[in-house]
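The sequence and structure come next.

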Amino acid sequence: FLAALPPSLSESITCSEALPDHVLNDADAVIAFGSEESLAKIHSRLRHDQIWQAHGHKISIAVLEEFPNQETIDALIKDLSLFDQLGCLSVQQLCLGEAVWAQAEKLLDQLAKGFERLEKISPRGPVPEAVSCRIHDFRTQVRLSAASNPRCMFRFSSHNSAWSLAL
């Protein structure tokens, strides 16, 4: 996983299969991959002020080291929306290199406009209640993070829970 990331990202990430208390206590944010049971155990050990991102068995990540052109943005929108983000190939997270992060708000706005267009021509269908709850929880966590972290940016669909973007 780390080898596939740009050096600017991989240098700031610690990967561990064993999670001693000091590793969790020292982290500002915890991103975990695993089964629902494993994720619940890790989450129960975190402080209330830590950023938590859980990824079950359905996860795909895209890495952007350079600011994307419109063709790449359109492809990202397609990949991000694939199977209403319920498929194992549906991109769940973008990892941004420093050059992209410097223009993160511009990227976020372009992706949001693309999602608005997509929602008009191909609206998301109904989702299971558990998915709706996870979307609500995600949006709540993002809003709380943004209240205390000026680098946290987000865009949500305004009329429903069809799409959510957060950096």
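A search of the whole structure, a predicted model, finds 2 aromatic pairs. Rings of Phe, Tyr and Trp (its six-membered ring) pair if their centres lie within 6.5 Å; planes under 30 degrees apart count as stacked, over 60 as edge-to-face and the rest as tilted.

| Pair | Centre to centre | Angle between planes | Class |
|---|---|---|---|
| Phe 115 and Trp 163 | 5.6 Å | 20 degrees | stacked |
| Phe 154 and Phe 156 | 4.8 Å | 25 degrees | stacked |

Phe 115 and Trp 163 link distant parts of the chain, 48 residues apart. Phe 115 is in helix α6, while Trp 163 is in the loop between β5 (154-156) and β6 (164-166). Phe 115 is buried at 7% relative accessible area. Trp 163 is buried at 6%. Phe 156 is buried at 13%, but Phe 154 is partly exposed at 29%. Buried means under 20% relative accessible area, exposed over 50%, partly exposed in between (1.4 Å probe, protein chains only).

Phe 115 also belongs to the contact of α6 with α4. The axes of α4 (residues 70-81) and α6 (residues 104-121) come within 10 Å and cross at roughly 60 degrees. That makes α4 oblique to α6. The crossing is right-handed. From α4, the contact residues include Ile 73, Leu 76, Ile 77 and Leu 80. From α6, they include Leu 107, Leu 111, Phe 115 and Leu 118. Contact means heavy atoms within 4.5 Å.

Residues are numbered from 1 along each chain as its sequence is written, and side-chain values use heavy atoms, with hydrogens and water left out. In this predicted model, local features need pLDDT of at least 70, side-chain atom pairs count only at pLDDT 80 or more, and totals for chains, interfaces and linings use all residues.

Key: Axes fitted to C-alpha atoms, helices over the stretch in contact; angles between N-to-C directions. Helix = DSSP H or I, 4+ residues; strand = E, 2+ residues; numbered from the N terminus. Parallel < 35°, antiparallel > 145°, perpendicular 65-115°, else oblique. Left-handed = near helix turned anticlockwise from the far one by under 90°.
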